[in-house]
Amino acid sequence: MRGGGAALMFCELLMAATLGAQELTAIGPDPAQVQLGRAAIVKLSVGVARTDAALGPLPKIDGLEVAGGPPVETGTDPLTTTWTLRLSPRRPGVFHIPPFLVDAGGRTLKSEPMELSVTDDPTGAKYAFVEAWTPRGTYYVAEPIPVTVRFGIDAKFLAENVSQLFRRKLDVPAQLRAPWLEKMEGASVRAPSVSAARQSFVLNDHVAAVEIAGERIVDGRTFTVFQLMRTYATDRVGELVIPEPLLRFAYATRFREDFISGRVPSDHHEAFVGGDRVVLDVRPLPEIDRPTTFTGAVGIFTLRAQASVTELNAGETMQLVLRISGDGVPKTIRPPRLDPLPGFHVQGMIKSEDGDGLAFTYEIVPLNGSVVRVPPVPFTFFDPGPPAVYRTVRTAAIPLVVHGEPGEVPGMPAPEVSEAVAVPGVDDIYGLKTATSPDGDDGGITDALLLSVMVLPSALAGAVLIFLRARDRERRDPAGVRARRALSVFRAAAGRPGADLREALAGYVAARLRCPTPAVIAPGLGARLRAADIDGELADRAAEFLEGLVAEGYGSPLKSDGDVVTLVEDLEAGFSSGGRRG
Amino acid sequence: MSAYLLVTLVAALGPTSHFERGLAAYDAGQFDRARSAFTAALADAGVAQGPILYNIGNCAYRQGRHAEAVLFYRRALLRMPRDEEVTFNLRRVEAHLGIDGASDRSFEAIVLGVVDTMTPAEGLLLVGVLQVAGFLALVVWRRRRGVRLAMGAAVVVALLGGARLVYRQWYAPPSGVVLSEEIALRAQPHASLPATLELRAGEVVTVEESSDRWMWVVHARGCCLTRRVGVGVVD
């Protein structure tokens with residue numbers, strides 16, 4: 001009994017010694033504070049053989065990549081297995097690292113929690129930036145999520161200091177670390193089918209192409225901006241995290257002139273800059289108003305139908321190709337339901353995808369000679385909007401000539417009541433205008449018309465106003481009107497050869513003196529003319545002349561017509577100047 | 001039977017004009033073909049362009065080319081300024097692009113907005129009628145003070161409206177719509193120079209001057225030169 005107790009004590013001591021050897025030793029992180037882009041190392045050691053130990057699942061930490069290498073055995077007595085873990089931060093900050101787990105001989109050993117402090121790389125932050133951008137913060141399940149990653153480098157720094165990062169010369173000597181641009185857990189990634197990317201750079205660990213996106217002014221400095229785009233789609237509801245991108249580039253501060261290579265950097269430094277992560281809210285597709293014809297397509301789509309033949313015999317097979325193009329994710333799209341397709345038997349369908357979009361090729365057979373068309377085929381998709389709504393589009397009916405015995409062709413089934421149809425003017429654009437006026441009236445005007453309308457009414461009004469003012473003036477001065485008319489009568493008479501000017505002269509003088517014509521032939525005419533501001537000599541001449549009229553009436557000869565005209569013009573000048581003086 | 005023959009005949013003959021072909025293609029969901037047909041219809045002599053431009057805008061919208069849709073809706077709006085369908089579709093596509101369609105709320109902008117809801121022909125007719133009526137009344141009732149004042153005011157309004165028409169016809173610079181996803185504005189016409197401003201697709205600018213390759217554009221946030229290819233002129 002005593003011997004059995006000693007053996008038990010020995011076993012306990014041996015186990016205690018073994019357990020002591022199985023303690024997990026964690027060294028690191030080394031260094032405990034790193035700059036962004038640099039890695040810190042953690043070493044985990046346990047005193048058992050490699051075959052008896054296994055590293056547990058590595059913790060997932062936002063912004064910190066933890067990668068483990070293979071276990072390494074060292075020593076013989078004691079035997080130690082060591083794992084070297086690499087901690088690569090993607091953003092500055094303090095990272096709290098939970099305990100690492102190691103399974104050793106059936107026991108799970110835990111390390112102590114650790115902390116890693118990460119600071120910005122001042123050079124990287126000063127001369128470059130990197131960012132991920134999405135147009136919205138909220139998306140639907142299966143909706144295409146366009147993500148643009150842009151990075152920029154100070155244009156002057158890029159031209160003068162940035163040096164090649166690798167042996168292979170790159171157009172943009174930079175490396176973008178963003179594994180999610182190629183593969184993301186829980187989401188599909190699609191690169192654009194047509195890209196303007198032409199500049200070589202390094203994406204993760206291989207050469208790729210990036211597009212120049214122009215320049216950006218930040219704090220008065222110009223950055224040359226590069227961008228690359230991806231489209232994501234996820235079938236998971238909840239948060240979709242696009243992790244922080246990290247940009248790495250090399251630069252030199254000193255250069256030397258080389259006879260062959262030109263300007264060659266004399267030193268080599270590396271810089272890093274990180275971007276912010278993007279957190280998107282992914283919502284489920286609404287259940288309300290979801291039509292039963294919904295195909296799973298999310299986005300905006302167009303639908304075209306094409307028949308392989310336009311004429312065939314009943315019972316022969318033809319192909320109907322439905323081509324769906326749009327910005328949705330093809331793999332999520334189910335084929336539109338053709339069954340029942342009135343007048344046809346649907347034999348089968350092949351799905352294919354090319355640069356133009358998605359194509360569903362149906363093999364269909366017209367049942368009888370009464371079939372005159374391939375009926376419209378509905379396609380229902382979810383338009384994320386705004387506003388978000390289920391939409392149904394239909395192909396146009398395709399005329400068909402089917403030879404064969406006539407038969408029954410039932411009509412298309414009526415649309416389901418639950419089907420939500422976009423209402424133009426509410427949640428869809430208004431449709432086409434089906435008429436255009438044949439006279440070409442677009443409401444345009446010619447320059448001449450504009451000028452006419454702007455000038456003519458004013459000119460016309462001005463003319464009417466001048467006329468009316470003249471008329472008013474005449475109405476206010478009847479004597480003046482009589483005088484002007486008398487002068488006109490005299491001038492008209494003077495212009496006619498052989499006309500008798502005597503009466504016209506008398507009428508003119510009477511009008512000017514504002515008296516009846518017979519009253520002109522009276523003594524004192526000279527004085528009356530002088531009183532009317534006519535020069536004395538001219539007044540006498542006129543009086544003498546008019547007295548001559550009386551004599552002429554008794555056979556005395558009259559002076560020549562030229563004298564009369566001259567006299568009247570002189571008198572008119574006299575009356576006018578007198579009138580002005582008056 | 002005769003009706004069937006007629007339908008078959010019409011189907012065989014198909015639409016006759018570019019416009020009708022565009023309508024048929026659009027109904028069939030063939031928006032690229034519809035757009036080509038409508039574009040060809042623009043060259044047809046003696047047809048109003050407003051509805052055709054609107055239809056091209058619809059095709060562009062259905063094709064997902066929203067910035068181009070904005071351009072064509074705005075071109076249609078020049079010809080049909082009070083058309084509610086054009087206005088609605090324009091606002092909708094601007095919403096798709098994330099463009100704030102809210103307009104200037106100043107008094108001047110509101111007044112000019114009211115004036116500009118008329119086509120030039122309508123405006124000219126109104127100006128002409130106001131002028132003639134005002135002048136006639138001024139002539140006929142020129143001794144009645146009340147009428148004279150009212151008609152004088154009518155004539156002044158007509159002349160101001162006419163001045164606006166003259167400005168729009170001869171002096172107003174056209175507006176433009178950013179067609180590229182993003183365009184950069186620069187102080188000088190050199191692509192290597194830094195950008196002073198970036199504009200997004202669908203944003204509207206005023207095109208002050210343009211050459212074969214560059215445009216001087218004015219935006220609420222600034223004015224500078226940009227490549228001509230990135231901007232569609234609303235004409």
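A salt bridge is counted here when a side-chain nitrogen of Lys or Arg lies within 4 Å of a carboxyl oxygen of Asp or Glu. By that rule, two salt bridges are found across the interface of chain B and chain A in this predicted model, and the structure holds 28 salt bridges over all chains.

**The interface of chain B and chain A**

- The contact draws on 60 residues from chain B and 51 residues from chain A, and the area buried between the two chains is about 4600 Å², with carbon and sulfur atoms giving 61% of that area.
- On the chain B side, the residues that lose the most area to chain A are R92(B), L124(B) and W170(B), which together account for 13% of what that side buries.
- One salt bridge is formed by the side chains of D83(B) and K433(A), with an N to O distance of 2.9 Å.
- Polar contact between chain B and chain A amounts to 12 residue pairs, with both residues at pLDDT 80 or more, while the side of chain B that touches chain A is made up of 33 nonpolar, 15 polar and 12 charged residues.

**A salt bridge within chain A**

- Side chains of opposite charge can pair when their charged atoms come close.
- R150(A) and E131(A) form a salt bridge in which the closest N and O atoms are 3.9 Å apart.
- Because R150(A) lies in strand β14 (residues 145–154) of chain A and E131(A) in strand β12 (residues 128–133) of chain A, this pair ties together parts that are 19 residues apart in sequence.

**An open sheet in chain A**

- Three strands of chain A form an open sheet with mixed pairing, in the order β2-β11-β8, and its edge strands, β2 (33–35) and β8 (93–97), each pair on one side only.
- Neighbouring strands of this sheet are turned against each other by 25° on average, direction ignored.
- Strand β11 (residues 114–119) of chain A pairs with β2(A) in the parallel sense over three bridges, and within this strand S117(A) is the bridge partner of Q33(A).

**A hairpin in chain B**

- Strand β5 (residues 214–219) and strand β6 (residues 222–227) of chain B run antiparallel and are joined by six bridges, and the hairpin that connects β5(B) to β6(B) passes through two residues.
- The bridge partner of V217(B) in β6(B) is C224(B).

How values were computed. Residues are numbered from 1 along each chain as its sequence is written. Chains are lettered from A and ligands numbered from 1 in the order in which they are written. This is a predicted model: local features need pLDDT of at least 70, side-chain atom pairs count only at pLDDT 80 or more; totals for chains, interfaces and linings use all residues. Side-chain values use heavy atoms; hydrogens and water are left out. Contact means heavy atoms within 4.5 Å. Buried area is the accessible area (1.4 Å probe) that two parts lose on being put together, summed over both. A polar contact is a pair of N or O atoms within 3.5 Å; within protein, one must be able to donate a hydrogen and the other to accept it, and residues adjacent in sequence count only if both atoms are side-chain atoms. Ala, Val, Leu, Ile, Met, Phe, Trp, Tyr, Cys and Pro count as nonpolar, Asp, Glu, Lys and Arg as charged, and the others, Gly among them, as polar. Two strands pair if DSSP finds at least two bridges between them. Helices (H or I, at least four residues) and strands (E, at least two) are DSSP runs, numbered from the N terminus. Axes are lines fitted to C-alpha atoms, for helices over the stretch in contact, and angles run from 0 to 180 degrees between N-to-C directions.
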